[in-house]
Amino acid sequence: MPIPRRVLAAAAVALVLPLSACGSGGDAGGSTDASGKVEGDITFQTWNLRANFKPYFEGLIADFEKKYPGTHVKWIDQPAEGYADKLSADAGGGTLPDVVNVSPDLVAPLAKVGLALDLDKAAGKYRPEYLDGAWASHQVPGMSGMYAFPWYLNTGPLFYNKALFTKAGLNLDQPPKTYDELFADALQMAKKSGGRVATLANVPTIEDFGRYGVSLMNKQGTQFTFNDAKGVELLTKYKGLYDAKALDPQALTATPESSGKKFLTGAVAMNPGSALDLGNFKKNAPSLYKNIGITDQITSTGHVNMYVMGVMVNSRTKHTPAAVAFAHFVTDARNQMSFAKKVAIFPSTAGSLNDPYFTKEDGTDETRVRIAAAKSLKGAVNYTPVLFSDQMKTALRNEVAKALQGKESPKQALDNAVNAADRLLQQG
């Protein structure tokens, strides 16, 4: 789904696949050798893209078929709702398309049952074409290999209200970059405003733990580890913010929309966003727009979080060379750059973010945000563990809320969240 980064961030439920599942080829398995002649009929499935980008994909397919005579690509597009369930049903029924649009959390269960082609083995020659963090994003803990070509990326800058920073005695030209700086500035903001202005409107998520430097999962992919000392330290500091009203009191139930409204009215000093938000500020909050600052996501690791989409090759395809060639074609630098100019996403290919489109100011709000985000993406990491499901995210959020309210200690809350996530992992 190529629309806002918050949509990209939303992971679907874990897939439960029978070990006997076979792919669209219908036989026991396809070849992992992608070096043969590129020919044959293949199917390509996207995720809620036809409505807005039909001409782009029809042109993309026509270009591929022209480049490789003897190939034919059938394009299938599935709606956003129920996409994970559709993949599960196709995998179980042997009708999984040859080339599939996936996110890291969706590729993991397919890889575990042998339905995702290991591209480190089948297409490792293409690895230098992509950003390191993007290529690594479709690795699966406990397995060797990489299971989807990285496609488009997204991230979001952080907006801050310069007027509120000035009132709090903070340097409006030096917004916080690390969590320690954030916590210090937030406590000062709350103190100076008498608790009327919070700096943040959202509780910490798994990405925050990652950006803080917490180890999220063991290398074997068998156990979550974000309840370690560093994880407890982060949640303890958020508890301090909550008690000091440096974290908005309604953060426990906040949505992106409600957080945005808080920022719009000056009740919150910092909030993630996009170029669309800048347009909203300009129209509905001109005083805020005049004082808007744009900075990177907060991170103590030196790397911001990226959201990433990928293109997976069904390991059971009857036409491995064609399927791999098409998946690479969709995600090569030229085609990713073309797609990026049609929608607010970013290429995962090495060097593409140095293009003037991502570096040269033209005075527009859209370009200001695009340049800021592209700069941060060059060294970005996908912090969300590929095995961390929506149910696990809910468990973490519930336990974080209990810790902030003082119903549990930060240590107990994270222990409970890890235990719940581990149980769900075993069930999957």
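I started with a helix contact: Phe 53, Tyr 56, Phe 57, Leu 60 and Asp 63 of H2 meet Arg 334, Asn 335, Ser 338 and Phe 339 of H15. Contact here means heavy atoms within 4.5 Å. I sorted these residues by class and got five nonpolar, two polar and two charged. For the classes, Ala, Val, Leu, Ile, Met, Phe, Trp, Tyr, Cys and Pro count as nonpolar, Asp, Glu, Lys and Arg as charged, and the others, Gly among them, as polar.

A note on what I'm looking at: this is a predicted model, where local features need pLDDT of at least 70, side-chain atom pairs count only at pLDDT 80 or more, and totals for chains, interfaces and linings use all residues. Residues are numbered from 1 along each chain as its sequence is written, and side-chain values use heavy atoms, with hydrogens and water left out.

**H2 and H15, the axes**

I looked up the geometry next: the axes of H2 (residues 50-67) and H15 (residues 333-340) come within 11 Å and cross at roughly 165°. That makes H2 roughly antiparallel to H15 (the term is for angles over 145 degrees). H2 passes H15 in a right-handed crossing, meaning the near helix is turned clockwise from the far one by less than a right angle.

**H17 and H18**

Then I went to H17 (residues 390-404) and H18 (residues 410-427), whose axes come within 9 Å and cross at roughly 165°. H17 is therefore roughly antiparallel to H18. This crossing of H17 past H18 is right-handed. On the H17 side, I listed Gln 391, Met 392, Ala 395, Leu 396, Glu 399 and Ala 403. From H18, the contact residues include Pro 410, Ala 413, Leu 414 and Asn 416. By class, I have 12 nonpolar, two polar and one charged residues in this contact.

**Aromatic rings**

How many aromatic pairs does a search of the whole structure find? I got 31, with rings of Phe, Tyr and Trp (its six-membered ring) pairing if their centres lie within 6.5 Å. Phe 346 is in strand E9 (residues 346-347), and Phe 358 is 12 residues away in the loop between E9 and helix H16 (365-377).

Are these two buried or exposed? Phe 346 is buried at 5% relative accessible area, and Phe 358 is buried at 1%. Buried means under 20% relative accessible area (1.4 Å probe, protein chains only).

Last, I noted one aromatic cluster, whose members include Phe 53, Tyr 56, Phe 57 and Phe 339.

Notes
Axes are lines fitted to C-alpha atoms, for helices over the stretch in contact, and angles run from 0 to 180 degrees between N-to-C directions. Helices (H or I, at least four residues) and strands (E, at least two) are DSSP runs, numbered from the N terminus. Angles under 35 degrees count as roughly parallel, over 145 as roughly antiparallel, 65 to 115 as roughly perpendicular and the rest as oblique. Rings of Phe, Tyr and Trp (its six-membered ring) pair if their centres lie within 6.5 Å; planes under 30 degrees apart count as stacked, over 60 as edge-to-face and the rest as tilted. Buried means under 20% relative accessible area, exposed over 50%, partly exposed in between (1.4 Å probe, protein chains only).
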